[in-house]
Amino acid sequence: MSFPAHRPRRLRQSPAVRRLVRETHLVPAQLVLPMFVREGITEPLPIGSMPGVVQHSMDSLRRAVADAAAAGIGGVMLFGVPAERDALGSGADDPDGILNVATRAVVAEVGDALVVQTDLCLDEFTDHGHCGVLNASGAVDNDATLERYVAMALAQARAGSHLLGLSGMMDGQVAAIRDALETEGFVDTLILGYAAKYAGAFYGPFREAVDSQLTGDRRTYQLDPANGREGVREALLDVEEGADIVMVKPAMPYLDVLAEVAASVDVPVWAYQVSGEYAMVEAAAAHGWIDRRGAILESLTGIRRAGAGAILTYWAVEAAAWLR
Ligand code: PBG
């Protein structure tokens, strides 16, 4: 009689055994909720391509962050949608700009329960939609942009942000901002480097979420989706420049980069499950083509397994409720 020499199925025989040998665990504290707050509205506005996600008014934002804190998630990442934009993105470092106003309100509401985080990038605030300022020929000017990022960083730190999410992909942005924070005495402000942020199609719904004015693409600053080694290099540079945490974004198409970055740096590594990843699952589930809850939890587990310590996900609060 022949029989299998090995029986790995023994480890899968019952829910109890499977639970005992499970390698990867998801807990609410590892989830961060990205949130949008729009200037000048009194009721939340739905975002068509992201069912279940809204542009918040100040009031609905306060209520939603209280819910997020009650759900036990790790933090919130705030994005501002200003009423007016200009070439320099002046609303970004204006203390009365929507993101800074919202940050003060959120810190006052839940500052002890959540890590309050702010997106540090100019694209929501510029009338051309680029993440930086443009030179005379219309190209994104790296070093001129760094000056704007430093002003934005200080405005966010003064507003009480615990963690600055540097998502602009300018060279030297972490070093410039770390230096300014130290000089101004903000020694505890955390820097998350969106170290390996790839240019591509998965940010589509986000552009609607922030009313992006962009017409071209971001391929001169965000990474080429074909390049893994370059993503690791960016992560190493961000750590060297003083990032406390580095991130890979989007998540699911870049799990190999995530694993490689996690193996290469000695700081926490996060991943951003972006708007397009969210929209795909929601759209398929709405058609009855996929099991929504199963797909959400499987995607989050896969991202954790690949090496993410925490995940930015629009499902953070809902998933937290399932996980408790
Ligand atoms: C830049 C920024 C973007 C996202 C987060 N920060 C947009 C972009 O790079 O075009 C996208 C997030 C998502 O798609 O969910 N401020």
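Leaving aside its neighbours within four places in sequence, which residues is Thr126 in contact with?

A: This is a predicted model, in which local features need pLDDT of at least 70 and side-chain atom pairs count only at pLDDT 80 or more, while totals for chains, interfaces and linings use all residues. Residues are numbered from 1 along each chain as its sequence is written, and side-chain values use heavy atoms, with hydrogens and water left out.

Apart from neighbours within four places in sequence, Thr126 is in contact with Arg85, Asp86, Ala87, Leu88, Gly89, Gly132 and Gln213. Contact means heavy atoms within 4.5 Å. Thr126 sits in the loop between β5 (115-120) and α4 (142-159). Helices (H or I, at least four residues) and strands (E, at least two) are DSSP runs, numbered from the N terminus. Thr126 counts as buried because its relative accessibility is 0%. Buried means under 20% relative accessible area, exposed over 50%, and partly exposed in between (1.4 Å probe, protein chains only). The side chain of Thr126 reaches the backbone oxygen of His130 at 3.0 Å. Gly91 is 35 residues away along the chain, and its C-alpha atom is separated from that of Thr126 by 8.6 Å.

A salt bridge is a side-chain nitrogen of Lys or Arg within 4 Å of a carboxyl oxygen of Asp or Glu. Arg148 is buried, because its relative accessible area is 13%, whereas Asp93 counts as partly exposed at 23%. In general, side chains of opposite charge can pair when their charged atoms come close.

The whole structure holds eight salt bridges. Another of them joins the side chains of Glu282 and Arg292 (2.9 Å, N to O). Glu282 lies in helix α9 (residues 275-286) and Arg292 in helix α10 (residues 292-306), so this pair ties together parts that are ten residues apart in sequence. Arg292 also meets the side chain of Glu318 in a salt bridge (2.8 Å, N to O). That pair links distant parts of the chain, since Glu318 is in helix α11 (residues 316-323), 26 residues from Arg292 in helix α10. Arg292 is partly exposed at 23%, and Glu318 is partly exposed at 31%.

For contrast with the buried Thr126, consider Leu20 in helix α1 (residues 15-21). Leu20 counts as exposed because its relative accessibility is 73%.

Finally, the chain as a whole. The protein chain has eleven helices and ten strands. Buried residues make up 51% of its 324 residues. Of the contacts with a separation of 6 or more, 76% are between residues 24 or more positions apart. Along its principal axes the C-alpha trace spans about 80 × 45 × 40 Å.

Methods:
A polar contact is a pair of N or O atoms within 3.5 Å; within protein, one must be able to donate a hydrogen and the other to accept it, and residues adjacent in sequence count only if both atoms are side-chain atoms.
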